[in-house]
Amino acid sequence: MEGFATKKFYPLRPVQRWLVDTHFNKAKSTMMNIGGLFKLSHAINMEQLAEAVNQVLESHDIFRCRFLFHPETSDLCQIFDGDIEPVKVEHISDEEFSERMNKLREPYRIINKPLWRIYLFETPTAKYLFADFYHAVMDGVSASILLWREVDKAYRGRERKLPAPSYADYVEDEANIPESVLAEGHDYWRKMLAHFDKAKHLPPVKVHGVAAWTQGTYDYELKNIFNEFFRRTRINENNFFLGATMLTLAKITGTKEAVMSRVVNGRTNMTERRLMGLMLEQFPCAWDFREDMPVYEFIDKLGGQLRIDMNYRKSLDIVYNDGLEDDCVSFIFQKNINNEFIFCDTPAEIVYLPPNDISAVENALDVEINNEDTGEYSLFLDYDASRYSEAEMKKFAETLNEIAVAMQDGNIRISKILG
(Lines give C-alpha, C1' and ligand atoms only; values in the text may rest on other atoms or scores of the structure.)
Protein backbone atom coordinates (compact mmCIF):
# COMPACT_ATOMS: atom_id res chain seq x y z
CA MET A 1 0.00 0.00 0.00
CA GLU A 2 2.97 2.28 0.47
CA GLY A 3 3.45 2.79 -3.29
CA PHE A 4 -0.22 3.64 -3.69
CA ALA A 5 0.05 6.48 -1.16
CA THR A 6 2.14 8.53 -3.59
CA LYS A 7 -0.18 8.04 -6.56
CA LYS A 8 -2.86 10.46 -7.65
CA PHE A 9 -6.09 8.67 -8.47
CA TYR A 10 -8.56 10.05 -11.00
CA PRO A 11 -12.13 8.84 -11.57
CA LEU A 12 -13.08 7.28 -14.86
CA ARG A 13 -15.03 9.69 -17.03
CA PRO A 14 -18.65 8.50 -17.37
CA VAL A 15 -18.14 7.48 -21.01
CA GLN A 16 -15.01 5.54 -20.02
CA ARG A 17 -16.92 3.71 -17.28
CA TRP A 18 -19.74 2.93 -19.72
CA LEU A 19 -17.34 1.41 -22.26
CA VAL A 20 -15.60 -0.68 -19.59
CA ASP A 21 -18.95 -1.92 -18.24
CA THR A 22 -19.95 -2.84 -21.80
CA HIS A 23 -16.70 -4.75 -22.22
CA PHE A 24 -17.37 -6.78 -19.07
CA ASN A 25 -20.12 -8.53 -21.08
CA LYS A 26 -17.34 -10.06 -23.15
CA ALA A 27 -14.23 -9.46 -21.06
CA LYS A 28 -12.13 -11.98 -23.02
CA SER A 29 -13.01 -10.42 -26.38
CA THR A 30 -11.45 -7.70 -28.51
CA MET A 31 -14.68 -5.66 -28.69
CA MET A 32 -12.87 -2.61 -27.25
CA ASN A 33 -9.77 -2.80 -29.46
CA ILE A 34 -9.31 -0.06 -32.06
CA GLY A 35 -6.41 0.32 -34.46
CA GLY A 36 -4.89 -1.58 -37.34
CA LEU A 37 -1.94 -2.93 -39.29
CA PHE A 38 -0.09 -0.79 -41.84
CA LYS A 39 2.39 -1.83 -44.52
CA LEU A 40 5.00 0.89 -44.87
CA SER A 41 7.24 2.00 -47.71
CA HIS A 42 10.71 0.48 -48.03
CA ALA A 43 11.98 4.07 -47.81
CA ILE A 44 11.00 4.35 -44.14
CA ASN A 45 13.91 4.24 -41.69
CA MET A 46 12.46 1.96 -39.02
CA GLU A 47 14.86 2.98 -36.25
CA GLN A 48 14.07 6.62 -36.91
CA LEU A 49 10.37 5.78 -36.86
CA ALA A 50 10.74 4.00 -33.51
CA GLU A 51 12.45 7.09 -32.10
CA ALA A 52 9.63 9.31 -33.39
CA VAL A 53 6.93 7.05 -31.93
CA ASN A 54 8.63 6.99 -28.52
CA GLN A 55 9.00 10.77 -28.55
CA VAL A 56 5.24 11.18 -29.06
CA LEU A 57 4.35 8.55 -26.46
CA GLU A 58 6.45 10.37 -23.87
CA SER A 59 4.69 13.67 -24.65
CA HIS A 60 1.12 12.58 -23.83
CA ASP A 61 0.01 11.42 -20.40
CA ILE A 62 -2.73 9.17 -21.86
CA PHE A 63 -0.04 6.60 -22.70
CA ARG A 64 0.84 6.42 -19.00
CA CYS A 65 -2.78 5.72 -18.09
CA ARG A 66 -3.51 2.61 -16.04
CA PHE A 67 -6.81 1.42 -14.57
CA LEU A 68 -6.67 0.44 -10.91
CA PHE A 69 -9.00 -0.32 -8.04
CA HIS A 70 -8.69 2.45 -5.47
CA PRO A 71 -6.99 1.01 -2.36
CA GLU A 72 -9.51 2.65 0.01
CA THR A 73 -12.83 2.72 -1.89
CA SER A 74 -12.24 -0.21 -4.31
CA ASP A 75 -13.71 1.97 -7.09
CA LEU A 76 -12.24 1.49 -10.54
CA CYS A 77 -10.14 4.58 -11.23
CA GLN A 78 -7.15 5.65 -13.31
CA ILE A 79 -3.64 6.96 -12.83
CA PHE A 80 -1.43 8.80 -15.31
CA ASP A 81 2.07 7.96 -14.10
CA GLY A 82 2.58 4.43 -15.40
CA ASP A 83 5.81 3.42 -17.10
CA ILE A 84 6.13 3.51 -20.87
CA GLU A 85 7.99 0.59 -22.41
CA PRO A 86 9.89 1.98 -25.43
CA VAL A 87 8.80 0.71 -28.84
CA LYS A 88 11.55 -1.23 -30.66
CA VAL A 89 11.90 -2.62 -34.16
CA GLU A 90 11.44 -6.39 -34.39
CA HIS A 91 13.43 -8.07 -37.17
CA ILE A 92 11.65 -11.30 -38.13
CA SER A 93 11.20 -13.56 -41.15
CA ASP A 94 8.21 -13.28 -43.48
CA GLU A 95 6.99 -16.66 -42.23
CA GLU A 96 7.19 -15.54 -38.59
CA PHE A 97 5.31 -12.37 -39.47
CA SER A 98 2.51 -14.36 -41.17
CA GLU A 99 2.06 -16.36 -37.97
CA ARG A 100 2.28 -13.23 -35.80
CA MET A 101 -0.44 -11.47 -37.83
CA ASN A 102 -3.09 -13.84 -36.48
CA LYS A 103 -2.16 -13.01 -32.89
CA LEU A 104 -1.78 -9.23 -33.09
CA ARG A 105 -5.24 -8.46 -31.76
CA GLU A 106 -5.60 -9.74 -28.23
CA PRO A 107 -8.01 -8.81 -25.41
CA TYR A 108 -6.72 -6.23 -22.95
CA ARG A 109 -6.10 -7.11 -19.33
CA ILE A 110 -7.15 -3.73 -18.08
CA ILE A 111 -6.06 -3.71 -14.43
CA ASN A 112 -2.68 -2.02 -13.93
CA LYS A 113 -1.54 -2.82 -17.47
CA PRO A 114 -0.66 -0.62 -20.49
CA LEU A 115 -3.77 0.12 -22.54
CA TRP A 116 -2.08 0.34 -25.92
CA ARG A 117 0.20 -1.75 -28.14
CA ILE A 118 2.47 -0.47 -30.90
CA TYR A 119 4.73 -2.90 -32.77
CA LEU A 120 7.23 -2.21 -35.56
CA PHE A 121 8.21 -5.16 -37.76
CA GLU A 122 10.87 -5.44 -40.44
CA THR A 123 11.02 -8.58 -42.56
CA PRO A 124 13.33 -9.30 -45.51
CA THR A 125 10.58 -8.12 -47.90
CA ALA A 126 8.46 -5.54 -46.03
CA LYS A 127 8.07 -3.09 -43.15
CA TYR A 128 4.99 -2.92 -40.93
CA LEU A 129 3.49 -0.87 -38.12
CA PHE A 130 0.77 -2.27 -35.88
CA ALA A 131 -1.09 0.00 -33.47
CA ASP A 132 -3.90 -1.02 -31.14
CA PHE A 133 -5.61 0.88 -28.33
CA TYR A 134 -8.16 0.16 -25.64
CA HIS A 135 -11.21 2.19 -26.66
CA ALA A 136 -11.85 3.47 -23.13
CA VAL A 137 -8.66 5.54 -23.34
CA MET A 138 -8.44 6.38 -27.06
CA ASP A 139 -10.96 7.29 -29.73
CA GLY A 140 -10.76 7.15 -33.51
CA VAL A 141 -9.67 10.76 -33.92
CA SER A 142 -6.75 10.20 -31.54
CA ALA A 143 -5.81 6.80 -32.93
CA SER A 144 -6.15 7.51 -36.65
CA ILE A 145 -5.35 11.23 -36.97
CA LEU A 146 -3.69 12.98 -34.00
CA LEU A 147 -1.16 10.29 -33.09
CA TRP A 148 0.13 9.69 -36.63
CA ARG A 149 0.18 13.38 -37.44
CA GLU A 150 2.52 13.91 -34.48
CA VAL A 151 4.63 10.85 -35.32
CA ASP A 152 4.94 12.16 -38.88
CA LYS A 153 6.22 15.53 -37.58
CA ALA A 154 8.62 13.91 -35.12
CA TYR A 155 9.99 11.64 -37.87
CA ARG A 156 10.71 14.72 -39.99
CA GLY A 157 12.47 16.39 -37.04
CA ARG A 158 9.90 19.14 -36.56
CA GLU A 159 9.74 20.46 -33.01
CA ARG A 160 6.49 20.76 -31.07
CA LYS A 161 5.27 24.37 -30.87
CA LEU A 162 2.95 23.88 -27.87
CA PRO A 163 3.12 21.46 -24.92
CA ALA A 164 0.76 18.52 -25.25
CA PRO A 165 -2.52 19.09 -23.36
CA SER A 166 -3.08 16.82 -20.37
CA TYR A 167 -5.87 14.26 -20.38
CA ALA A 168 -5.49 13.89 -16.60
CA ASP A 169 -6.23 17.60 -16.18
CA TYR A 170 -9.26 17.28 -18.45
CA VAL A 171 -10.61 14.36 -16.39
CA GLU A 172 -10.08 16.29 -13.14
CA ASP A 173 -11.75 19.48 -14.40
CA GLU A 174 -14.77 17.55 -15.66
CA ALA A 175 -15.12 15.62 -12.39
CA ASN A 176 -15.25 18.92 -10.46
CA ILE A 177 -18.27 20.36 -12.32
CA PRO A 178 -20.92 21.05 -9.62
CA GLU A 179 -24.06 18.90 -9.63
CA SER A 180 -26.17 22.07 -9.80
CA VAL A 181 -24.65 22.88 -13.19
CA LEU A 182 -25.52 19.42 -14.52
CA ALA A 183 -29.07 19.12 -13.12
CA GLU A 184 -30.92 20.78 -16.02
CA GLY A 185 -29.16 18.52 -18.51
CA HIS A 186 -29.97 15.44 -16.45
CA ASP A 187 -33.67 16.30 -16.70
CA TYR A 188 -33.30 16.93 -20.45
CA TRP A 189 -31.80 13.49 -21.17
CA ARG A 190 -34.18 11.64 -18.84
CA LYS A 191 -37.15 13.19 -20.60
CA MET A 192 -35.78 12.28 -24.04
CA LEU A 193 -35.23 8.63 -23.13
CA ALA A 194 -38.11 8.14 -20.70
CA HIS A 195 -40.10 5.91 -23.05
CA PHE A 196 -37.24 4.03 -24.74
CA ASP A 197 -38.22 0.38 -25.08
CA LYS A 198 -35.86 -1.99 -26.86
CA ALA A 199 -38.84 -4.20 -27.73
CA LYS A 200 -40.32 -1.25 -29.69
CA HIS A 201 -37.39 0.88 -30.81
CA LEU A 202 -34.97 -1.81 -32.04
CA PRO A 203 -35.48 -3.96 -35.13
CA PRO A 204 -37.29 -7.11 -33.92
CA VAL A 205 -35.06 -10.00 -32.86
CA LYS A 206 -35.47 -12.96 -35.19
CA VAL A 207 -32.30 -14.97 -34.58
CA HIS A 208 -32.05 -17.60 -31.85
CA GLY A 209 -29.37 -20.00 -30.69
CA VAL A 210 -26.38 -17.77 -31.46
CA ALA A 211 -24.08 -16.64 -28.61
CA ALA A 212 -24.77 -13.11 -27.39
CA TRP A 213 -22.53 -10.31 -28.75
CA THR A 214 -21.40 -12.39 -31.74
CA GLN A 215 -20.09 -9.91 -34.31
CA GLY A 216 -21.70 -9.62 -37.71
CA THR A 217 -20.77 -7.07 -40.38
CA TYR A 218 -22.44 -5.98 -43.60
CA ASP A 219 -21.11 -3.58 -46.26
CA TYR A 220 -23.37 -1.78 -48.71
CA GLU A 221 -22.66 0.82 -51.39
CA LEU A 222 -25.40 3.46 -51.34
CA LYS A 223 -26.86 4.06 -54.78
CA ASN A 224 -28.12 7.23 -56.47
CA ILE A 225 -26.91 9.68 -53.85
CA PHE A 226 -23.72 11.71 -54.33
CA ASN A 227 -21.97 14.53 -52.48
CA GLU A 228 -22.81 16.90 -55.34
CA PHE A 229 -26.34 16.96 -53.85
CA PHE A 230 -24.98 18.34 -50.55
CA ARG A 231 -22.73 20.89 -52.24
CA ARG A 232 -25.68 22.14 -54.28
CA THR A 233 -28.25 22.26 -51.46
CA ARG A 234 -25.82 23.00 -48.59
CA ILE A 235 -27.63 20.44 -46.46
CA ASN A 236 -25.52 19.04 -43.62
CA GLU A 237 -24.50 15.48 -44.56
CA ASN A 238 -24.42 14.22 -40.97
CA ASN A 239 -27.92 15.52 -40.22
CA PHE A 240 -29.30 14.18 -43.51
CA PHE A 241 -28.02 10.64 -42.99
CA LEU A 242 -28.91 10.66 -39.29
CA GLY A 243 -32.44 11.64 -40.30
CA ALA A 244 -32.49 8.87 -42.93
CA THR A 245 -31.37 6.34 -40.29
CA MET A 246 -34.07 7.49 -37.86
CA LEU A 247 -36.72 7.18 -40.57
CA THR A 248 -35.42 3.71 -41.47
CA LEU A 249 -35.67 2.64 -37.85
CA ALA A 250 -39.20 4.04 -37.56
CA LYS A 251 -40.26 2.23 -40.74
CA ILE A 252 -38.72 -1.13 -39.85
CA THR A 253 -40.11 -1.10 -36.29
CA GLY A 254 -43.48 0.24 -37.42
CA THR A 255 -43.61 2.64 -34.46
CA LYS A 256 -43.64 6.00 -36.32
CA GLU A 257 -40.87 7.10 -33.95
CA ALA A 258 -37.15 6.60 -33.42
CA VAL A 259 -35.07 6.51 -30.25
CA MET A 260 -31.39 5.89 -30.89
CA SER A 261 -27.97 7.44 -30.36
CA ARG A 262 -25.31 9.19 -32.40
CA VAL A 263 -21.54 9.32 -31.96
CA VAL A 264 -19.96 12.79 -31.74
CA ASN A 265 -16.18 13.29 -31.61
CA GLY A 266 -16.52 15.57 -28.57
CA ARG A 267 -13.91 18.12 -29.61
CA THR A 268 -15.34 21.62 -29.53
CA ASN A 269 -12.33 23.90 -28.90
CA MET A 270 -8.66 24.12 -29.86
CA THR A 271 -7.37 22.35 -26.74
CA GLU A 272 -9.81 19.48 -27.15
CA ARG A 273 -8.89 19.13 -30.82
CA ARG A 274 -5.27 18.51 -29.79
CA LEU A 275 -6.08 16.26 -26.83
CA MET A 276 -4.99 12.63 -27.11
CA GLY A 277 -7.46 10.34 -25.37
CA LEU A 278 -11.12 9.35 -25.39
CA MET A 279 -13.18 12.41 -26.26
CA LEU A 280 -16.11 10.98 -28.20
CA GLU A 281 -19.60 11.04 -26.71
CA GLN A 282 -22.67 8.99 -27.57
CA PHE A 283 -25.62 11.39 -27.63
CA PRO A 284 -29.20 10.10 -27.46
CA CYS A 285 -31.56 11.35 -30.16
CA ALA A 286 -35.30 10.82 -30.54
CA TRP A 287 -38.06 11.87 -32.92
CA ASP A 288 -41.83 11.39 -33.11
CA PHE A 289 -42.79 11.12 -36.78
CA ARG A 290 -46.52 11.28 -36.10
CA GLU A 291 -46.15 15.03 -36.60
CA ASP A 292 -46.04 15.17 -40.38
CA MET A 293 -43.87 17.68 -42.29
CA PRO A 294 -41.77 18.01 -45.47
CA VAL A 295 -38.32 16.39 -45.40
CA TYR A 296 -36.36 19.65 -45.52
CA GLU A 297 -38.32 20.98 -42.54
CA PHE A 298 -37.56 17.77 -40.64
CA ILE A 299 -33.82 18.03 -41.39
CA ASP A 300 -33.81 21.68 -40.32
CA LYS A 301 -35.62 20.95 -37.04
CA LEU A 302 -33.41 17.94 -36.38
CA GLY A 303 -30.33 20.16 -36.79
CA GLY A 304 -31.83 22.59 -34.26
CA GLN A 305 -32.34 19.78 -31.75
CA LEU A 306 -28.76 18.59 -32.21
CA ARG A 307 -27.50 22.10 -31.43
CA ILE A 308 -29.56 22.17 -28.23
CA ASP A 309 -28.18 18.74 -27.29
CA MET A 310 -24.64 20.14 -27.26
CA ASN A 311 -25.60 22.48 -24.39
CA TYR A 312 -26.08 19.42 -22.20
CA ARG A 313 -23.00 17.46 -23.23
CA LYS A 314 -21.50 17.42 -19.73
CA SER A 315 -24.76 16.01 -18.31
CA LEU A 316 -24.44 12.82 -20.35
CA ASP A 317 -23.12 11.12 -17.21
CA ILE A 318 -26.74 10.36 -16.28
CA VAL A 319 -27.19 8.54 -19.61
CA TYR A 320 -24.06 6.43 -19.19
CA ASN A 321 -24.35 5.77 -15.46
CA ASP A 322 -28.03 4.79 -15.56
CA GLY A 323 -27.78 2.87 -18.82
CA LEU A 324 -30.53 4.98 -20.37
CA GLU A 325 -29.45 4.27 -23.94
CA ASP A 326 -28.07 0.75 -23.56
CA ASP A 327 -29.02 -1.32 -26.60
CA CYS A 328 -29.87 1.75 -28.70
CA VAL A 329 -29.04 1.68 -32.39
CA SER A 330 -25.96 3.90 -32.81
CA PHE A 331 -25.12 6.17 -35.77
CA ILE A 332 -21.85 7.67 -36.94
CA PHE A 333 -20.95 9.66 -40.07
CA GLN A 334 -17.32 9.97 -41.09
CA LYS A 335 -14.97 10.71 -43.93
CA ASN A 336 -13.62 7.48 -45.31
CA ILE A 337 -9.93 6.66 -44.88
CA ASN A 338 -8.54 5.24 -48.12
CA ASN A 339 -6.79 1.90 -48.17
CA GLU A 340 -3.64 3.86 -49.09
CA PHE A 341 -2.45 7.13 -47.58
CA ILE A 342 0.73 9.21 -47.27
CA PHE A 343 2.82 8.78 -44.12
CA CYS A 344 6.19 10.54 -43.72
CA ASP A 345 6.08 11.49 -47.41
CA THR A 346 5.78 7.83 -48.42
CA PRO A 347 2.77 5.64 -49.32
CA ALA A 348 1.38 3.39 -46.58
CA GLU A 349 -1.25 0.69 -47.00
CA ILE A 350 -3.87 -0.53 -44.54
CA VAL A 351 -3.69 -4.31 -44.17
CA TYR A 352 -7.08 -5.88 -43.46
CA LEU A 353 -7.23 -8.01 -40.30
CA PRO A 354 -10.36 -10.20 -40.37
CA PRO A 355 -12.49 -10.85 -37.27
CA ASN A 356 -11.37 -13.83 -35.21
CA ASP A 357 -12.87 -16.11 -32.57
CA ILE A 358 -12.48 -13.46 -29.86
CA SER A 359 -14.17 -10.66 -31.83
CA ALA A 360 -17.43 -9.32 -30.39
CA VAL A 361 -19.81 -6.47 -31.13
CA GLU A 362 -20.30 -3.51 -28.73
CA ASN A 363 -23.91 -2.56 -29.58
CA ALA A 364 -27.05 -4.17 -30.96
CA LEU A 365 -26.53 -2.29 -34.23
CA ASP A 366 -24.01 0.33 -35.33
CA VAL A 367 -24.86 2.27 -38.49
CA GLU A 368 -21.77 3.84 -40.08
CA ILE A 369 -22.04 6.08 -43.14
CA ASN A 370 -18.75 6.79 -44.93
CA ASN A 371 -18.15 9.62 -47.39
CA GLU A 372 -15.92 8.18 -50.11
CA ASP A 373 -13.39 10.20 -52.13
CA THR A 374 -15.32 9.22 -55.26
CA GLY A 375 -18.25 11.40 -54.18
CA GLU A 376 -20.29 8.33 -53.28
CA TYR A 377 -21.35 6.98 -49.88
CA SER A 378 -21.01 3.56 -48.31
CA LEU A 379 -22.85 1.98 -45.40
CA PHE A 380 -21.24 -0.34 -42.88
CA LEU A 381 -23.41 -2.22 -40.39
CA ASP A 382 -21.75 -3.75 -37.33
CA TYR A 383 -24.41 -5.85 -35.64
CA ASP A 384 -25.13 -8.42 -32.95
CA ALA A 385 -25.54 -11.64 -34.93
CA SER A 386 -27.34 -13.22 -31.98
CA ARG A 387 -30.23 -10.83 -32.75
CA TYR A 388 -30.11 -10.23 -36.50
CA SER A 389 -29.32 -12.19 -39.64
CA GLU A 390 -27.37 -10.92 -42.62
CA ALA A 391 -30.60 -10.99 -44.65
CA GLU A 392 -32.22 -8.60 -42.17
CA MET A 393 -29.22 -6.28 -42.35
CA LYS A 394 -29.46 -6.33 -46.14
CA LYS A 395 -33.10 -5.28 -45.82
CA PHE A 396 -32.12 -2.50 -43.37
CA ALA A 397 -29.46 -1.22 -45.79
CA GLU A 398 -31.78 -1.29 -48.79
CA THR A 399 -34.52 0.51 -46.84
CA LEU A 400 -32.09 3.20 -45.71
CA ASN A 401 -30.92 3.63 -49.31
CA GLU A 402 -34.50 3.99 -50.59
CA ILE A 403 -35.31 6.56 -47.90
CA ALA A 404 -32.12 8.58 -48.52
CA VAL A 405 -32.88 8.74 -52.24
CA ALA A 406 -36.47 9.84 -51.55
CA MET A 407 -35.26 12.52 -49.12
CA GLN A 408 -33.46 14.33 -51.92
CA ASP A 409 -36.89 15.67 -52.82
CA GLY A 410 -37.15 18.18 -50.01
CA ASN A 411 -40.89 18.64 -50.49
CA ILE A 412 -41.80 14.98 -49.95
CA ARG A 413 -43.61 14.51 -46.67
CA ILE A 414 -42.52 12.20 -43.85
CA SER A 415 -45.86 10.37 -43.99
CA LYS A 416 -45.26 9.38 -47.62
CA ILE A 417 -41.75 8.05 -46.85
CA LEU A 418 -43.03 5.95 -43.94
CA GLY A 419 -46.01 4.76 -45.97
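Okay, hi everyone. Before we start, a word on where this comes from: the model is predicted, so local features need pLDDT of at least 70 and side-chain atom pairs count only at pLDDT 80 or more, while totals for chains, interfaces and linings use all residues. Residues are numbered from 1 along each chain as its sequence is written, and side-chain values use heavy atoms, with hydrogens and water left out.

Let's begin with the whole chain. How many helices and strands does the chain have? It comes to 15 helices and 15 strands. Helices here are DSSP runs of H or I with at least four residues, strands are runs of E with at least two, and both are numbered from the N terminus.

Now the overall build. A compact globule of 419 residues would have a radius of gyration near 22 Å, and this chain has 22 Å, so the two agree. That radius is taken over C-alpha atoms, and the globule rule is 2.2 Å times the number of residues to the power 0.38. Along the principal axes, the C-alpha trace spans about 60 × 50 × 50 Å.

What about inside and outside? Of the 419 residues, 52% are buried. Buried means under 20% relative accessible area, exposed means over 50%, and partly exposed is in between, with a 1.4 Å probe and protein chains only. The chain exposes about 20,100 Å², and carbon and sulfur atoms supply 49% of that. Those areas come from the Shrake-Rupley method with a 1.4 Å probe, and for residues only the protein chains shown count as cover.

One more number for the whole chain. If you take contacts between residues at least 6 apart in sequence, 78% of them join residues at least 24 apart. A contact means heavy atoms within 4.5 Å.

On to the helix pairs. Both involve α12, which covers residues 295-310. The axes are lines fitted to C-alpha atoms, for helices over the stretch in contact, and angles run from 0 to 180 degrees between N-to-C directions. That makes α7 and α12 oblique to each other. As for the labels, under 35 degrees is roughly parallel, over 145 roughly antiparallel, 65 to 115 roughly perpendicular, and the rest oblique.

Who touches whom? Y188, W189 and M192 in α7 meet Q305, I308 and D309 in α12. These residues divide into four nonpolar, one polar and one charged. Nonpolar covers Ala, Val, Leu, Ile, Met, Phe, Trp, Tyr, Cys and Pro; charged covers Asp, Glu, Lys and Arg; the others, Gly among them, are polar.

The other pair is α10, residues 237-253, with α12: about 105°, axes 10 Å apart. So α10 and α12 are roughly perpendicular to each other. From α10 we have N238, N239, F240, L242, G243, M246 and L247, meeting F298, I299, L302, G303 and L306 in α12. This contact has eight nonpolar residues, four polar and no charged.

Now some single residues. Which loop holds A136? The one between β7 (127-134) and α5 (140-156). A136 counts as buried, because its relative accessibility is 0%. Leaving out residues up to four places away in sequence, A136 touches Q16, L19, V20, F67 and L278. Take L19: it is 117 residues from A136 in sequence, yet C-alpha to C-alpha they are 5.9 Å apart.

Next, Y170, in helix α6 (residues 167-175). Is Y170 buried or exposed? It is buried, with a relative accessible area of 14%. Leaving out residues up to four places away, its contacts are R13, E272, L275, M279, R313 and K314.

E122 sits in strand β6 (residues 116-122). At 23% relative accessible area, E122 is partly exposed.

Last, two residues with a positive phi. W213 has a phi of about 70° although it is not a glycine, and it sits in the loop between α8 (198-201) and β8 (215-221). W213 is buried, at 16% relative accessibility. D345, also a residue other than glycine, has a phi near 65°. You'll find D345 in the loop between β12 (340-343) and β13 (346-351), and it is exposed, with a relative accessible area of 59%.
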